[in-house]
Amino acid sequence: MEHLLNDNLLKSFTQYALMEGSTSALSIGGLKNLLQNQFSQYLKDSFSLDNVIKSLDKNNDGSVSFDEFVMLIKKITGTGQ
Ligand SMILES: [Ca+2]
């Protein structure tokens with residue numbers, strides 16, 4: 001599960017980042033699209049995506065790196081601490 005997840009995460013992240021002309025950063029909007037399209041089963045009604053994304057975007061540049069993205073996915077899927 002873990003290695004499969006990481007492989008798929010990189011593919012998804014890169015695919016969505018490329019739509020925005022980048023290979024290393026994804027906008028908050030792009031991140032939301034990705035999550036809603038591919039991780040909707042983890043997005044519960046009570047899940048506050050905006051808050052999680054804000055806390056994730058450490059340098060406040062409005063985009064997430066792949067590392068930040070992986071941390072978010074682990075958080076919402078419960079596969080990491
Ligand atoms: Ca950032």
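Which residues does Leu 9 touch, not counting residues up to four places away in sequence? In this predicted model, Leu 9 touches Phe 69, Val 70 and Ile 73, where two residues are taken to be in contact if their C-beta atoms, placed from the backbone, lie within 7 Å. Residues are numbered from 1 along each chain as its sequence is written. Because the model is predicted, local features need a pLDDT of at least 70 and side-chain atom pairs count only at pLDDT 80 or more, whereas totals for chains, interfaces and linings use all residues.

The chain contains four helices and two strands, which are DSSP runs numbered from the N terminus, a helix being a run of H or I with at least four residues and a strand a run of E with at least two. Read from the N terminus on, the elements follow the order α-β-α-α-β-α. The mean pLDDT of the chain is 82, and 86% of the residues score at least 70, pLDDT being the predictor's confidence in each residue, from 0 to 100. Confidence in the chain is highest in strand E1 (residues 25-27), at a mean of 92, and lowest in helix H3 (residues 49-56), at 73. Where pLDDT is low, the predicted coordinates should not be read in detail.

Of the 81 residues in the chain, 16% are buried; a residue is called buried if 20 or more other C-beta atoms lie within 10 Å of its own, exposed if 12 or fewer do, and partly exposed in between, with C-beta atoms placed from the backbone. Among the contacts in the chain with a separation of 6 or more, 47% are made by residues 24 or more positions apart.

The largest nonpolar core has 12 residues, namely Leu 9, Phe 13, Tyr 16, Ala 17, Leu 26, Leu 31, Leu 34, Leu 35, Val 64, Phe 69, Leu 72 and Ile 73; such a core is a set of buried Ala, Val, Leu, Ile, Met, Phe, Trp, Tyr and Cys residues joined through C-beta atoms within 7 Å. Two or more residues of this core are given by each of helix H1 (2-19), helix H2 (28-38) and H4, and the largest share, four residues, comes from H1. In soluble globular proteins, nonpolar side chains tend to be buried together. Leu 9 is found in helix H1 and counts as buried because it has 20 C-beta neighbours inside 10 Å. Although Leu 9 and Phe 69 are 60 residues apart along the chain, their C-alpha atoms are separated by 8.4 Å.

In helix H2, the buried residues are Gly 30, Leu 31, Leu 34 and Leu 35. These residues cover an arc of only 135° around the axis, and therefore lie on the same side of H2, the arc being that of the directions from the helix axis to the C-beta atoms. On the other side of H2, the exposed residues are Gly 29, Gln 36 and Asn 37. Lys 32, which is also found in helix H2, is partly exposed, with 15 other C-beta atoms within 10 Å. From C-alpha to C-alpha, Lys 32 and Ile 53 are 9.0 Å apart in space, while in sequence they are 21 residues apart.

Helix H4 (residues 66-77) has 12 residues and, at 1.5 Å a residue, should span 16 Å, which agrees with the 16 Å between its end C-alpha atoms; the expected span is 1.5 Å times one less than the number of residues. The buried residues of H4 are Phe 69, Leu 72 and Ile 73, and because they fall within an arc of 100° when seen down the axis, they line one face of the helix. An α-helix has 3.6 residues a turn, so residues three or four places apart point the same way. Met 71, which lies in helix H4, is partly exposed, with 17 other C-beta atoms within 10 Å, and its C-alpha atom is separated by 8.0 Å from that of Leu 56, 15 residues apart along the chain. Thr 77, also found in helix H4, counts as partly exposed with 14 C-beta neighbours inside 10 Å. The C-alpha atoms of Thr 77 and Phe 39 are separated by 8.7 Å, and the two residues are 38 residues apart along the chain. H4 is followed by Gly 78, whose phi is positive, near 70°.
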